[in-house]
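Colleague: I want to go through the labels on this one and hear the rule behind each. Shall we start?

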Amino acid sequence: MKVFEKPKALTDAPFHYCPGCTHGIIHRLVAEAIDELGIEGKTIGVAPVGCAVMAYNYFACDMIEAAHGRAPAVATGVKRSCPDNIVFTYQGDGDLASIGMAETVHSAARNENITVIFVNNAIYGMTGGQMAPTSLPGQVTQTSPYGRDVNHCGYPVKVCEMLAQLEGPEYLERVAVNNVANIRKAGKAIKKAFENQINKKGFSLIEVVSTCPTNWGMKPTDALKWLDENMLPYYPLGVYKDRSKEEK
Amino acid sequence: MAKLTFETDLCKGCGLCVNACPKNLLVLSKDKINLKGHSPVEITDEAACIGCASCAIMCPDCIITVER
């Protein structure tokens, strides 16, 4: 009996991601949720700009490519014109937390019935490792070679905490993919985000704390350790908003 | 008995599965190179595998299939 195989909602195309990049794990978790809920035929994904720009090659469902940061706006349009379809966006931190911040905040405030998968690896990956809005204080990147100076560049944006202040969103959770236990939790959170949409509850955002071994300049295994020791204290895991629990 | 199948040519040799194995059965090959030019993962003692699928859950490229 097969206890683990590649989910059917992923195509046979090999991922172009760097060795050890956790995008592949997150793609698989999304595909597993689609498989388990049996919604591949009616799911429409919106790909971002960033490393995951070619996500449309990897998901077997219908995909649209959005302009940089505009995935929640495109998803809003798709969901409103095809309310019976399941719409998700898959975005990185440079896409969602920087240029696309306005779209993210407003789609959350409107409680748009979409699912947002937000991959936070604290750096711009595709463009070569520049400082992102989510880079940690003191973090060395291409554009902060002496470490991020908070007096000059300000503090990183904590997206889940920020959106939790709004009345709108239904479900906000931060998960990580640094070990097997956390990956299982991340899978459950992503599945719940899709279930919320099927049950017409509204905006769900899952922030996945992730690695970028290439631009952090580490071996993939060291990158997981760095995530554990540096990112998780600044970005604590947990559920930040769950309206279904608040109502009870 | 558990059986692991690797799609060796898609392995990027990142070593995340090697770290995840609770029995320390996986190694990166010392004498093989795959189509992508990486040293692919190998299992040292298939009989000792407990089929927990930790390696497959950790693998970013979905190259491991686990049967039990």
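What follows is a run of labels, each set against its rule.

Modeller: Ground rules come before the labels. This is a predicted model, where local features need pLDDT of at least 70, side-chain atom pairs count only at pLDDT 80 or more, and totals for chains, interfaces and linings use all residues. Residues are numbered from 1 along each chain as its sequence is written, chains are lettered from A and ligands numbered from 1 in the order in which they are written, and side-chain values use heavy atoms, with hydrogens and water left out.

Colleague: Why is B:Cys52 called partly exposed?

Modeller: Buried means under 20% relative accessible area, exposed over 50%, and partly exposed in between (1.4 Å probe, protein chains only). B:Cys52 has a relative accessible area of 28%, so the residue is partly exposed.

Colleague: And what makes B:Cys55 buried?

Modeller: The relative accessible area of B:Cys55 is 7%, so this cysteine counts as buried.

Colleague: How many disulfides are there over all chains?

Modeller: Zero, over all chains. A disulfide is a pair of cysteine sulfur atoms within 2.5 Å. For B:Cys52 the nearest cysteine sulfur belongs to B:Cys21, 6.3 Å away, and B:Cys52 is in no disulfide. B:Cys55 is in no disulfide either: its nearest cysteine sulfur, that of B:Cys52, is 6.3 Å away.

Colleague: Is A:Lys200 buried or exposed?

Modeller: A:Lys200 has a relative accessible area of 60%, so it is exposed. Its phi is positive too, about 60 degrees, although A:Lys200 is not a glycine. The residue lies in the loop between α7 and β7 (204-209) of chain A.

Colleague: How do you know that a space is a cavity and not a pocket?

Modeller: The test runs on a 1 Å grid over the protein atoms alone. A cavity is a set of points where a 1.4 Å probe fits but cannot get out. A pocket is an open set with protein on both sides within 12 Å along at least five of seven lines. Lining residues have an atom within 4 Å of a point. Grid points are joined across faces, edges and corners, and a volume is the space filled by probe spheres set on the points. The count comes to three cavities of 30 Å³ or more.

Colleague: What lines the largest cavity?

Modeller: The largest cavity holds about 100 Å³. Its lining has 15 residues, with B:Leu4, B:Cys21, B:Cys49, B:Cys52 and B:Cys55 nearest the centre. By class, 12 are nonpolar, two polar and one charged. Ala, Val, Leu, Ile, Met, Phe, Trp, Tyr, Cys and Pro count as nonpolar, Asp, Glu, Lys and Arg as charged, and the others, Gly among them, as polar.

Colleague: Which residues lie nearest the centre of the largest pocket?

Modeller: A:Leu29, A:Glu32, A:Glu36, A:Arg184 and B:Ile57, out of 17 lining residues. The space is about 360 Å³. The lining divides into eight nonpolar, two polar and seven charged residues.

Colleague: How many residues of each chain make the contact?

Modeller: Chain A gives 28 residues and chain B gives 24. Contact means heavy atoms within 4.5 Å. The two chains bury about 2,000 Å² between them, 67% of it on carbon and sulfur atoms. Buried area is the accessible area (1.4 Å probe) that two parts lose on being put together, summed over both. On the chain A side, A:Val3, A:Phe4 and A:Val180 lose the most area to chain B, together 26% of what that side buries.

Colleague: Last one. What makes A:His68 partly exposed?

Modeller: Its relative accessibility is 28%, so A:His68 counts as partly exposed. A:His68 is found in the loop between β3 and α2 of chain A. Leaving aside neighbours within four places in sequence, A:His68 is in contact with A:Val49, A:Gly94, A:Asp95 and A:Ile99.

Terms used. Helices (H or I, at least four residues) and strands (E, at least two) are DSSP runs, numbered from the N terminus.
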